[in-house]
Amino acid sequence: MERTHLHILGGTSRSRAEQARIAFALGHHAEVYGGLDEFFDRPPTEGVILAAQDTVTGGTAGLIRRLGEAGVWLPLVMTGDDFTIDQVVDAIGDGAIDCLALPLEMGTLARRLQRVIIAAGPMVEVRRRQIEARSRIGQLSRREREVLECLAAGRSNKLIARDLGISPRTVEIHRANMMTKLDAGHAADAVRLWMDAQLGDAGRIAPTLAATPLPRQRMAAEPVGIARPHAMPQDQVAFPVLRRA
């Protein structure tokens, strides 16, 4: 496996040092960060983030949101002393690509990291599109956003005017301003941006999980595995699948 940049975020200094030691032993590069402020001083543009469960309030969803606001869309792996099946499902549903129980074991990290890298490409592309779309839509006024939402629902200008209680002419003005701000050449481009922004509502991706209970002792050592993705269209995401122990 080629050399990977691992960004070890949060947790105790001892835990970060041990994770970095294992990463270096496997031939990877590791950077450690005590918290998000340090991480955001020079946000990375490549690699994989290994983040402690308690890095921010709100868990994985809160961390995904903070990373998105900073324009960071690197694959995220959550780490913790132990994971229940519900925590694994929630973390992956919120946008993490895997969960790793601490302390790390060298062979486990090597296997899981390879799977993370394989699965990360489509997921990172979805996250990138989502962040860029939300940034562009964030420039719109409230009324322009309402017009865009109605347009994405397939409504005509006449129906939009009726729903919003404004004239069709006013709808046309808001629609033209909206298209200009989004740099959209066609209505379909604006709708695509709206759809991209909705991928992972409030930072949450809704994967299809085959969730089967895992024995407690297996959960502590290796809480979840990622199935090797098959070839998929570029606009689809290969999500992790929980495996029976």
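Visitor: Is R162 buried or exposed?
Guide: In this predicted model, R162 forms a salt bridge with D163, the closest N and O atoms being 3.7 Å apart. A residue counts as exposed when its relative accessible area is over 50%. The relative accessible area of R162 is 63%, so R162 is exposed.

Visitor: And how does D163 count, at its relative accessibility of 39%?
Guide: The cut-offs are under 20% for buried and over 50% for exposed, with partly exposed in between. Because D163 stands at 39% relative accessibility, this residue counts as partly exposed.

Visitor: How many helices and how many strands are there in the protein?
Guide: The protein has 245 residues, of which 45% count as buried. Its secondary structure is made up of 10 helices and 5 strands.

Visitor: In what order do the strands of the open sheet lie?
Guide: The open sheet is formed by 5 strands, and their pairing is parallel. Strands of a sheet pair through backbone hydrogen bonds, either parallel or antiparallel. Read across the sheet, the order of the strands is 2-1-3-4-5.

Visitor: Which strands stand at the edges of the sheet?
Guide: A strand with a single partner has one side left without a neighbour in the sheet, and this is so for two strands here, residues 29-33 and residues 98-101. Neighbouring strands of the sheet are turned by 25° against each other on average, direction ignored. The strands at the edges are strand 2 and strand 5.

Visitor: Which residue of strand 4 is the bridge partner of I49?
Guide: Strand 3, residues 48-52, pairs with strand 4, residues 76-80, in the parallel sense, and the pairing runs over 4 bridges. Within strand 4, the bridge partner of I49 is L76.

Visitor: At about what angle does helix 1 run to strand 2?
Guide: Helix 1, which covers residues 13-25, lies across strand 1, strand 2, strand 3 and strand 4. Relative to strand 2, helix 1 runs at about 170°.

Visitor: Which residues of helix 3 are buried?
Guide: Helix 3 spans residues 59-69, and just after helix 3 comes G71, which takes a positive phi of about 75°. A residue counts as buried when its relative accessible area is under 20%. In helix 3 the buried residues are T60, A61, G62, L63, I64, L67 and G68.

Visitor: Where is P103 placed?
Guide: The peptide bond that leads from L102 to P103 is cis, with omega near 0°. As for its place in the chain, P103 is in the loop between strand 5 and helix 5.

Visitor: What is the phi of D183, a residue other than glycine?
Guide: D183 is in the loop between helix 8, residues 168-182, and helix 9, residues 187-198. At 67% relative accessibility, D183 counts as exposed. Its phi is positive, with a value near 55°.

Visitor: Which residues are linked with R143 in a network of salt bridges?
Guide: Side chains of opposite charge can pair when their charged atoms come close. R143 and E146 both lie in helix 6, 3 residues apart, about one turn of the helix, and their side chains meet in a salt bridge of 2.8 Å, N to O. The network links R143 with R142 and E146.

Visitor: What is the distance between the closest N and O atoms in the salt bridge of E172 with R169?
Guide: Both E172 and R169 lie in helix 8, 3 residues apart, about one turn of the helix. E172 counts as partly exposed at 38% relative accessibility, whereas R169 counts as exposed at 56%. In their salt bridge, the closest N and O atoms are apart by 3.2 Å.

Definitions and conventions. Residues are numbered from 1 along each chain as its sequence is written. This is a predicted model: local features need pLDDT of at least 70, side-chain atom pairs count only at pLDDT 80 or more; totals for chains, interfaces and linings use all residues. Side-chain values use heavy atoms; hydrogens and water are left out. Buried means under 20% relative accessible area, exposed over 50%, partly exposed in between (1.4 Å probe, protein chains only). Two strands pair if DSSP finds at least two bridges between them. Axes are lines fitted to C-alpha atoms, for helices over the stretch in contact, and angles run from 0 to 180 degrees between N-to-C directions. Contact means heavy atoms within 4.5 Å. A salt bridge is a side-chain nitrogen of Lys or Arg within 4 Å of a carboxyl oxygen of Asp or Glu.
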